[in-house]
Amino acid sequence: MSTTTGQRADRPTGAASTPPQSPDSRRRALPLPARNLLAAAAGLAVVTALLMVTGDLTALRLAAVGYTFLAIAGLQLLVGGSGQVSLGHGAFMMIGAYSMALLVMRLPMLPLATNLLIVIAVSVIAGIAVGAATARLHGPYLAGATLILAVGLPGIAHRYHDLFGGSNGLNIRMAGAPPFLDGFVSTSEWQALVVWFTVLLGLALLATVSAGRLGRRMRAIRDDETAAAMAGIPVGRTKVVAFVVASAAGGLAGGLQAYVLGTVTPSTFSLVLSLTLIAALVLGGIASLWGALWAAFAVVYLEIWASELAETLNLGSDVQNNLPLVLFGVVLILVLRFWPLGVQGALQTLRARMRRS
Amino acid sequence: MTATATGDLLRAEGITVRFGGLTALDAVGLDVAPGTVVGLIGPNGAGKTTLFNVLSGILRPTEGTLTWKGAPVPSRRAHHSARAGIARTFQGLNLFPQLTVMDNVVVGADRTARGGPFSLITGLGHHHADERRLRERALAALESFGIAEHAHRLPGTLPYGVQKQVALARACVSEPELLLLDEPASGLSGDQVEALAEQIRAFSRDMAVVLVEHHMDLVMRVCDHIVVLDFGQVIATGTPDEVQADPAVTRAYLGTPADGSTADGPAAVDPALGNGDTP
């Protein structure tokens with residue numbers, strides 16, 4: 001008991017001088033992409049094992065966690081990495097989702113992998129356009145500009161009713177598992193596997209960017225633009241690249257969402273989605289990919305738990321519709337009150353404390 | 001377009017900068033030869049930092065031309081000058097607060113990496129070798145500046161004198177040909193200024209140095225050539241001895257004598273210039 005209090009007493013100084021990264025020569029033996037692909041393979045193994053022991057419903061929810069994870073990880077690179085706060089990340093998910101739906105409807109012969117690549121290409125183009133237009137904006141001005149994107153884009157789906165299906169959106173039918181897997185995996189399980197395979201590949205790339213020279217350039221720009229430029233870093237171009245990488249991740253996530261849900265509607269991609277994504281990122285922890293994973297779980301499961309709670313308590317539909325947001329807000333406030341660095345920050349502190357004892 | 005051995009590294013001619021109606025610099029010229037230390041002095045508001053920002057490419061002059069190694073520099077941005085071999089420090093240090101000391105210096109070395117956009121985005125190609133080389137280079141710089149023990153600390157947790165060394169290491173790690181130092185002695189103790197003077201002389205063996213500084217002792221000791229600015233104009237240039245003897249310089253720092261003597265009369269307070277204080 002007395003040792004615990006002793007440690008608590010000296011913790012503040014320890015935390016203040018803790019280096020964010022420790023040198024680890026063993027980790028540097030393999031090139032960055034190889035290390036991240038190995039981690040992605042391990043992640044896929046874990047997800048496969050999870051899918052084997054759970055049912056169809058959980059498979060769909062895990063798929064939702066997967067694409068949300070990718071979307072939030074992209075936002076993390078943009079906000080945490082390059083210091084550009086975007087309140088319009090949901091808009092890129094919408095671009096990806098509608099691209100996917102239109103591809104499936106208009107060009108049904110294309111295989112899924114091709115569709116996903118086209119979805120990425122479309123999102124990259126959108127990212128270049130938005131990133132180039134906003135590269136000179138900082139802080140609240142950038143947030144405001146991206147906010148307009150989140151508010152305005154769903155309106156386009158309403159305006160061009162014939163193409164985007166108005167408020168009813170678009171409905172697509174996606175192929176299930178390939179025939180030779182019949183009986184082994186259900187459609188939902190197959191979809192979850194496809195989602196996680198794609199997501200983990202994307203995350204491996206994101207992690208490579210973030211841990212490598214490009215990520216360091218972004219963090220330098222985030223910390224001090226003038227000093228970064230005087231170190232020879234092209235500030236404007238690097239910020240646009242950060243935007244493009246983030247929008248590619250968001251667009252791919254949206255495409256995967258369309259693939260799993262089989263339907264895209266403008267209301268799915270409302271401003272609330274964009275705000276939820278960034279709030280979840282803060283909740284999970286902005287400094288590491290694990291934080292994005294906890295954030296994705298929070299986005300998916302808090303909503304499910306809230307509607308289950310509303311159902312059990314027999315609350316009216318008005319309450320039921322708004323309870324997820326309320327619950328999310330309460331959890332966000334509580335997490336930030338007690339763990340200012342988010343869930344992942346709390347876990348790291350806990351681990352450091354356990355290691356010391 | 002080869003630079004001759006005796007030619008100037010950087011030549012600024014007729015640099016004029018106007019902010020609206022205010023003329024911050026008025027037809028200022030400056031030559032920096034390789035291996036020399038040029039001091040840029042003048043009272044507060046004389047335009048020293050403005051000239052520095054022009055030289056480092058942060059600010060585009062309203063008029064005037066810059067020549068780097070004999071070739072005119074057309075449209076300049078800060079990262080272009082850095083890539084060409086101009087490094088600078090800042091009065092406020094401008095370290096990256098959330099990067100470790102090591103990473104601060106690795107960023108300074110970034111321009112020496114070989115990989116192009118492909119390796120940057122995919123982490124393939126030159127990336128792995130680049131990262132190793134940048135780290136080795138940064139570590140060597142940390143060691144030569146005597147701050148290797150702080151490599152994994154955040155700059156904000158270190159004493160000011162150490163932070164200054166981090167800023168110098170970040171500027172020097174890419175082995176620039178021209179180093180611009182913005183008030184390197186400010187906030188340092190007497191001993192630290194001594195050490196800094198030796199450091200600057202050591203720099204000048206490998207690169208040219210331009211120095212903005214209020215610490216006159218330091219300027220007179222390390223500079224080969226001094227340019228004095230006042231109200232955006234060059235009022236004197238020459239060796240430390242010549243500048244110290246120049247009455248115009250004394251007038252700029254201390255004003256004209258209050259006893260009604262004419263503006264072009266010799267200044268009466270010569271010795272005050274060398275005592276190392278800001279006016």
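Start at Phe231(B), which counts as partly exposed because 15 C-beta neighbours lie inside 10 Å. The class follows from a count of other C-beta atoms, placed from the backbone, within 10 Å of the residue's own: 20 or more is buried, 12 or fewer is exposed, and partly exposed is in between. This is a predicted model, in which local features need pLDDT of at least 70 and side-chain atom pairs count only at pLDDT 80 or more, while totals for chains, interfaces and linings use all residues. Residues are numbered from 1 along each chain as its sequence is written, and chains are lettered from A and ligands numbered from 1 in the order in which they are written.

Phe231(B) sits in the loop that runs between S9 and S10 of chain B. Its phi is near 50°, a positive value in a residue other than glycine.

**The six-stranded sheet of chain B**

Now colour chain B by secondary structure, which comes to ten helices and ten strands. Helices (H or I, at least four residues) and strands (E, at least two) are DSSP runs, numbered from the N terminus. Select S6, S7, S8, S3, S9 and S10 of chain B: these six strands make an open sheet in the order S6-S7-S8-S3-S9-S10, with mixed pairing. Two strands are taken as paired if DSSP finds at least two bridges between them. At the edges stand S6 (86-88) and S10 (233-238) of chain B; each has a single partner strand, so one side of each is left without a neighbour in the sheet. From one strand to the next the twist averages 20°. Axes here are lines fitted to C-alpha atoms, for helices over the stretch in contact, and angles run from 0 to 180 degrees between N-to-C directions.

Within this sheet, select S3 (residues 37-41) and S9 (residues 225-230) of chain B, which run parallel and are joined by four bridges. Gly39(B) has Ile226(B) in S9(B) as its bridge partner.

Is Leu179(B) buried or exposed? It counts as buried because 25 C-beta neighbours lie inside 10 Å. Show its contacts (C-beta atoms, placed from the backbone, within 7 Å). Not counting residues up to four places away in sequence, Leu179(B) touches Ala87(B), Ala171(B), Cys172(B), Phe203(B), Met207(B) and Val209(B). A C-alpha distance from Leu179(B) to Ser189(B), ten residues apart along the chain, gives 23 Å.

**The four-stranded sheet of chain B**

Select S2, S1, S4 and S5 of chain B, an open sheet of four strands in the order S2-S1-S4-S5 with antiparallel pairing. S2 and S5 (71-72) of chain B are the edge strands, each pairing on one side only. Helix H1 (residues 48-55) of chain B packs on this sheet, where it touches S1 and S2 of chain B; its direction makes about 120° with that of S1(B).

Seven bridges pair S1 (residues 10-19) with S2 (residues 22-32) of chain B in the antiparallel sense. Opposite Leu10(B) is Val32(B) in S2(B). The two strands form a hairpin with two residues between them, and Gly20(B) in the turn has a positive phi of about 60°. S1(B) is also joined to S4 (residues 63-68) of chain B by five bridges, again antiparallel; Arg11(B) has Thr67(B) in S4(B) as its bridge partner.

**The core**

Which residues touch the most other members of the largest nonpolar core? They are Ile72(A) and Leu211(B), in a core of 188 residues. Helix H11 (residues 235-261) of chain A gives the most to this core, with 16 residues. A nonpolar core is a set of buried Ala, Val, Leu, Ile, Met, Phe, Trp, Tyr and Cys residues joined through C-beta atoms within 7 Å.

Centre on Leu211(B): leaving aside neighbours within four places in sequence, its contacts include Val37(B), Val38(B), Gly39(B) and Leu40(B). Of the 279 residues of chain B, 45% count as buried.

**Across to chain A**

Display the contact between the chains, which takes 34 residues from chain B and 31 residues from chain A. On the chain B side, the elements giving two or more residues are H2 (78-84), S6, H3 (101-109), H4 (117-122) and H5 (127-144).

End at Asn314(A), in the loop between H13 (289-312) and H14 (317-338) of chain A. Asn314(A) has a positive phi of about 60° although it is not a glycine. With 8 C-beta neighbours inside 10 Å, Asn314(A) counts as exposed.

Conventions: Contact = placed C-beta atoms within 7 Å.
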